[in-house]
Amino acid sequence: MRLLAAKEATLRHEFGIEWKLTGVASRRIGWVAEAKGLDPIAALGHGFPKAPEGTAPRNVREWLTAARADVLFEASSLNRHDGQPATDHLKAALESGAHAISANKGPIVHAYAELRQLAHAKNRKFLFESTVMDGAPIFSMFPHSLPAVELRGFRGILNSTTNVVLTEMEKGLTLDEAIKRAQEIGVAETDPSNDLDGWDAAVKVAVLVIVLMGVPIKLEDVERVGIRTVTPEQVAAARAAGMRYKLICRAARTSDGGVRASVRPQQLPLSDTLAMREGTTSVLRFDMDVFGLTVVEHKPGVIATAYGLLADFIRAVKDSA
Ligand SMILES: NC(=O)c1ccc[n+]([C@@H]2O[C@H](COP(=O)([O-])OP(=O)(O)OC[C@H]3O[C@@H](n4cnc5c(N)ncnc54)[C@H](OP(=O)(O)O)[C@@H]3O)[C@@H](O)[C@H]2O)c1
């Protein structure tokens, strides 16, 4: 919301886009809709006008109708088990004739083909640039900027918590101390299991394989080893040998038309482009038939995620104008 407000003049003058906020929803605030427009800055502090008794929307469909939404941004918490309720939110948006923009990876892992077909049938956009590497143009690069390439595989570091933890362990901290440090700087959550056990990285690998490699892999088919087993002694020994531990995401096509995908800690030589990436920096190296390409996102903050959503918003609105 802050970025949308900050870019208001740019959107108007450079892209001819005018916008107003007509709805906000979460579990705590419920379904808030006002087709005439809500104050976006007040909305940041949950300052909403009270709907007259019995008129508030009761579900996502009533809410989309009341808001007269042209675009939905879905940024609810990741549910890796079934992608809900985000998938239903996105489906409802597309069915109502709105573009659907998601920061949430769950719906891609669980319902990518269905959402894509629905968007196509409704002549609306289903976009999700911020799901992997935030604002970096990963999904918009294929196929627009790289037509006719064959993506054979990729390698990357896609989880910032584990990269911060491993970087801190190289400074001599234990795993627990390094986790505490990652929590102090606001990278790791109170319960960092999703990151430490490789789930977040595995979900991202699945999203990349499904969308960019066209293989409908299941999350459980991504081999997954987290970093809990990596000891400070191993990290120190690797450094002494000119190597570095990183949680590496990887996928490669197999001869039977499938994809082998994994997330696991690996020792890399310092000369490897992935080994150089410290702290919250993410990196993804694509292996294509014509050349290799590496994208590095340097120390992204939450504004980088917001930018991914904003870029999708511009693409959705301009491409269908
Ligand atoms: N943070 C990042 O840098 C980043 C980067 C890329 C992608 N993402 C993705 O973006 C999404 C949001 O990230 P986040 O860090 O803000 O997650 P978060 O801290 O889990 O917050 C998500 C929001 O979703 C709401 N929510 C959760 N479950 C809901 C439900 N069942 N129905 C309605 N609202 C619900 C929560 O509000 P209530 O508690 O009021 O329900 C909260 O405001 C996630 O899917 C995440 O994977 C985040």
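In this predicted model, A100 touches quite a list of residues beyond its sequence neighbours up to four places away: L72, E74, L90, A93, L94, A119, R124 and F126. The place of A100 is in strand β4. With 30 other C-beta atoms within 10 Å, A100 counts as buried, since 20 or more is enough for that label. P85 sits 15 residues from A100 in sequence, and the two C-alpha atoms are 14 Å apart in space.

The buried ones are A86, T87, H89, L90, K91, A92, A93 and L94. As for what covers them, the list includes α4 (60–67), β3 (71–74), β4 (99–102), α6 (106–122) and β5 (126–127). After α5 comes G97, with a positive phi near 95 degrees.

A93 and A100 turn up again in the largest nonpolar core, which has 82 residues; along with V205, A206 and V209, they have the most contacts inside it. Helix α10 (residues 199–212) gives this core its largest share, nine residues. Domain 1 (2–135 + 303–319) and domain 2 (151–299) both supply residues to the core, so it lies between them. In soluble globular proteins, nonpolar side chains tend to be buried together. One of the core residues with the most contacts, A206, is in contact with V109, I217, L219 and V222, leaving aside its neighbours within four places in sequence.

Then there is the ligand. Around it are 16 residues, of which S26, R27, R28, S77 and A103 come nearest.

Stepping back to the whole chain, the protein has 12 helices and 11 strands. Its radius of gyration is 21 Å, close to the 20 Å that the globule rule gives for 321 residues, so the protein is as compact as a globular protein of that length. The C-alpha trace spans about 65 × 45 × 40 Å along its principal axes. Buried residues make up 40% of the 321 residues. Of the contacts with a separation of 6 or more, 67% are between residues 24 or more positions apart.

Technical notes. Residues numbered from 1 in each chain as written. Predicted model: local features only at pLDDT ≥ 70, side-chain atom pairs only at ≥ 80, totals over all residues. Core = buried A, V, L, I, M, F, W, Y, C linked by C-beta atoms within 7 Å. Buried ≥ 20, exposed ≤ 12 C-beta atoms within 10 Å, placed from the backbone. Helix = DSSP H or I, 4+ residues; strand = E, 2+ residues; numbered from the N terminus. Domains from an automatic or database assignment. Contact = placed C-beta atoms within 7 Å. Rg over C-alpha atoms; globule rule 2.2 N^0.38 Å. Near = placed C-beta within 6 Å.
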